[in-house]
Amino acid sequence: MSSKFTQALFDSNGGYASLILRVPVGLTLAAHGAQKLFGWFGGYGLEGTGQWMASLGLEPGYLMALMAGGAEFFGGLALVLGLLTRPAAVVVAFAMLIAIFAVHIGNGLFMANNGYEFALTLFVVSVALAIQGAGRFALDQKLLERFGGVGR
């Protein structure tokens, strides 16, 4: 890997703030993804989620459920670990934009009405992590030390 690419991908000046954002948001995303993929935590699994997505016009529903669930589950785990944080955060942010505009926007802001406030919050945190990076306390820093230079 080129040093500039490695620096851009892995380096971050963030400290505890990035860690505090990554871990709970990553766990929340992973749990939501597990609902879609595996039916855990009261979810409907791929089949049920796929049928629901198809009913919204997101077709093919099964594939859309697989992509959304995969983005949330694996993206969330990556955020928790601080592993490939920037790419994971971009994928999650994209998934949240789709959720906002395909599912929640017509219901207003508040979650009580199935609004977009929660998806918007996850989107904003994901964008912040895509910009800031994982912070010092992440596997990305170990990868930077191994492949791209000194690290912090």
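## The loop between α2 and α3

Phe 41 sits in the loop between α2 and α3. Its phi is positive, about 55 degrees, although Phe 41 is not a glycine. The residue is exposed, with a relative accessible area of 60%. These values come from a predicted model.

## Other backbone features in loops

Asn 114 lies in the loop between α5 and α6. Phi of Asn 114 is near 65 degrees, again a positive value in a residue other than glycine. Asn 114 counts as partly exposed, at 40% relative accessibility.

The loop between α3 and α4 holds Pro 60. A cis peptide bond joins Glu 59 to Pro 60, with omega about -5 degrees. Gly 57 follows α3 and has a positive phi, near 95 degrees.

Helix α3 spans residues 45–55. Its buried residues are Gly 45, Leu 46, Thr 49, Gly 50 and Met 53. They cover an arc of only 140 degrees around the axis, so they lie on the same side of α3. The other side of α3 carries the exposed residues Glu 47, Gln 51 and Ser 55.

Which helices do the buried residues of α3 pack against? The partners are α2 and α4.

## Ala 65, a buried contact point

Ala 65 belongs to helix α4. With 0% relative accessibility, Ala 65 counts as buried, because the cut-off is under 20%. Setting aside residues up to four places away in sequence, Ala 65 touches Lys 36, Leu 37, Leu 46, Thr 49, Gly 50, Met 53 and Gly 70.

Ala 65 and Leu 46 are 19 residues apart in sequence. Their C-alpha atoms are 5.9 Å apart in space.

## The nonpolar cores

In soluble globular proteins, nonpolar side chains tend to be buried together. The largest nonpolar core in this model has 16 residues. Those with the most contacts inside it are Val 25, Leu 29, Leu 79, Met 96, Ala 119, Leu 122 and Leu 129. Four elements, α2 (16–38), α4 (61–81), α5 and α6 (117–132), each give two or more residues to this core. The largest share, 7 residues, comes from α5.

Ala 119 has contacts with Met 96, Ala 99, Ile 100 and His 104, leaving aside its neighbours within four places in sequence. A second, separate core has 8 residues. Among them are Ala 30, Met 53, Ala 65 and Phe 73.

## How α6 packs with α5

Two packed helices are described by the angle between their axes and the distance between the axes. For α5 and α6, the angle is about 155 degrees and the axes are 8 Å apart. The two helices are therefore roughly antiparallel, as the angle is over 145 degrees. The crossing of α5 past α6 is left-handed.

From α5, they include Thr 85, Ala 89, Val 92, Met 96, Ile 100 and His 104. From α6, they include Ala 119, Leu 122, Phe 123, Ser 126, Leu 129 and Gln 132.

## How α6 packs with α2

α2 and α6 pack at an angle of about 130 degrees, and their axes are 11 Å apart. That makes α2 and α6 oblique to each other. The crossing of α2 past α6 is left-handed.

Which residues of α2 meet α6? They are Ser 18, Leu 21, Arg 22, Val 25, Thr 28, Leu 29 and His 32. The residues they meet in α6 are Phe 118, Leu 122, Val 125, Leu 129 and Gln 132.

Helix α7 covers residues 139–147. Asp 140, Gln 141 and Leu 144 are its buried residues. They span an arc of only 100 degrees around the axis, which puts them on the same side of α7. The face turned away from that buried side carries the exposed residues Lys 142 and Arg 146.

The buried residues of α7 pack against two helices, α1 (3–10) and α5 (85–104).

Notes. Residues numbered from 1 in each chain as written. Predicted model: local features only at pLDDT ≥ 70, side-chain atom pairs only at ≥ 80, totals over all residues. Heavy atoms only, no water. Buried < 20%, exposed > 50% of the residue type's maximum accessible area, 1.4 Å probe, protein only. Arc of directions from axis to C-beta. Contact = heavy atoms within 4.5 Å. Core = buried A, V, L, I, M, F, W, Y, C linked by side-chain atoms within 4.5 Å. Axes fitted to C-alpha atoms, helices over the stretch in contact; angles between N-to-C directions. Parallel < 35°, antiparallel > 145°, perpendicular 65-115°, else oblique. Left-handed = near helix turned anticlockwise from the far one by under 90°.
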